Amino acid sequence: QVQLVESGGGLVQPGGSLRLSCVASGGIFTITAMGWYRQAPGKQRELVASITSRSSTNYADSAKGRFTISRDNTKRTVYLQMNSLKPEDTAVYYCHIEGSIFWGQGTQVTVSS
């Protein structure tokens, strides 16, 4: 059974940083592309960043230059380093196995002074 568990969210001031983690259990992690998505209140879920099994990355325009996605296959973990956070980054962040039905439960990120 595939399970994704996110952690690392919280409250941070504008300009601050957070690192999100997503640990995957079950499945074959090393060959899966992974993505971080977010959903703000009243808005649709959107892609933030994705990473292939060979660590090629893709970013939403809003994340470019501020966020970095990475993975550690030995730990079955994908990370999202978020720097220079803005209030508009406030959302629930979800981990996802690209092309699958599997999502994590989400972790809340709130950027506020």
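Hi everyone, let's start at serine 113, which is exposed, with a relative accessible area of 83%. By exposed I mean over 50% relative accessible area, with buried under 20% and partly exposed in between, using a 1.4 Å probe and protein chains only. A quick word on the numbers: this is a predicted model, where local features need pLDDT of at least 70 and side-chain atom pairs count only at pLDDT 80 or more, while totals for chains, interfaces and linings use all residues. Residues are numbered from 1 along each chain as its sequence is written, and side-chain values use heavy atoms, with hydrogens and water left out.

Back to serine 113, which sits in the segment after strand E10. Strands here are DSSP runs of at least two residues, labelled E, and helices, H or I, need at least four; both are numbered from the N terminus. Proline 14 is 99 residues away from serine 113 in sequence, yet their C-alpha atoms are 6.5 Å apart in space.

Now to E10 itself, residues 107-111, where we find threonine 107. Is threonine 107 buried or exposed? Threonine 107 is buried, at a relative accessible area of 10%. A polar atom of its side chain lies 3.2 Å from the backbone nitrogen of glycine 9. Beyond its neighbours within four places in sequence, threonine 107 has contacts (heavy atoms within 4.5 Å) that include Glu6, Leu20 and Tyr93.

Next, the sulfurs. How many disulfides does the structure hold? There is one, a disulfide being a pair of cysteine sulfur atoms within 2.5 Å. Cysteine 22 and cysteine 95 form it, with their sulfur atoms 2.1 Å apart. The pair ties together distant parts of the chain, 73 residues apart: cysteine 22 in strand E3 (residues 18-25) and cysteine 95 in strand E9 (residues 91-97).

Last stop, the core. A nonpolar core is a set of buried Ala, Val, Leu, Ile, Met, Phe, Trp, Tyr and Cys residues joined through side-chain atoms within 4.5 Å. The largest one has 27 residues, and Met34, Trp36, Leu80, Met82 and Tyr93 touch the most other members. Elements giving two or more residues to this core include E3, E9 and E10, along with strand E8 (77-82). Setting aside residues up to four places away in sequence, leucine 80 touches, among others, Leu18, Trp36, Phe67 and Tyr93.

Thanks, everyone!

Terms used:
A polar contact is a pair of N or O atoms within 3.5 Å; within protein, one must be able to donate a hydrogen and the other to accept it, and residues adjacent in sequence count only if both atoms are side-chain atoms. Contact means heavy atoms within 4.5 Å.
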